[in-house]
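Please find below a short note for the file.

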Amino acid sequence: MFFNASIANTISAIKVGYIAKQSLVQVPLCKKTEAVLNKLECLGAVESFSKVVILNKPYAKIRLHYKNGRPAITNLSFVYNKKSRFSFSLGNLRKFQKNTWNTVILTTTHGLLTIQEACAEGVGGFVYIVITI
């Protein structure tokens, strides 16, 4: 998976939505954005998302997740960069997994995976998104 500005824009929209205490944010939808939103939904970083079509263009309507009036996440960062990628082999992933409080999403040959999923599937990958829950 390669860098796509739509992912960075989606992460920014979610962060701004949480700061502004919005319940919904809307972003243009593409396959990469949908894959990221599916993973964020599974991890509880967003409550849900639905696909909508506006003027013949696909969008994602993202429902943000709050616990006791506070955002379900404290930080969400898009860190993937073609020039300075953080690559982890399987051995390094296991060490990193033990020493972090963050949830890390990797881009791998098996798609977007958390560190735990990548270790279970026996693959390494590049750090894509970091979530602090």
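1. Contact here means heavy atoms within 4.5 Å. Among contacts between residues at least 6 apart in sequence, 64% join residues at least 24 apart. The model is predicted: local features need pLDDT of at least 70 and side-chain atom pairs count only at pLDDT 80 or more, while totals for chains, interfaces and linings use all residues. Residues are numbered from 1 along each chain as its sequence is written, and side-chain values use heavy atoms, with hydrogens and water left out.

2. Four helices and ten strands are assigned, taken as DSSP runs (H or I, at least four residues; E, at least two) numbered from the N terminus. Their order along the sequence is α-β-α-β-β-β-β-β-β-α-β-β-α-β.

3. Of the 133 residues, 38% are buried (under 20% relative accessible area, with exposed over 50% and partly exposed in between; 1.4 Å probe, protein chains only).

4. The 15 residues of α1 should span 21 Å at 1.5 Å a residue, and the end C-alpha atoms are 21 Å apart, which agrees; the expected span is 1.5 Å times one less than the number of residues.

5. Buried residues of α1 include Ser 6, Ile 7, Thr 10 and Tyr 18. Seen down the axis, the buried residues of α1 fall within an arc of 160 degrees, so they line one face of the helix; the arc is that of the directions from the helix axis to the C-beta atoms. On the other side, Asn 9, Val 16 and Ile 19 are exposed.

6. Ser 6 lies in α1, residues 5–19. Neighbours within four places in sequence aside, Ser 6 is in contact with Cys 30 and Thr 33.
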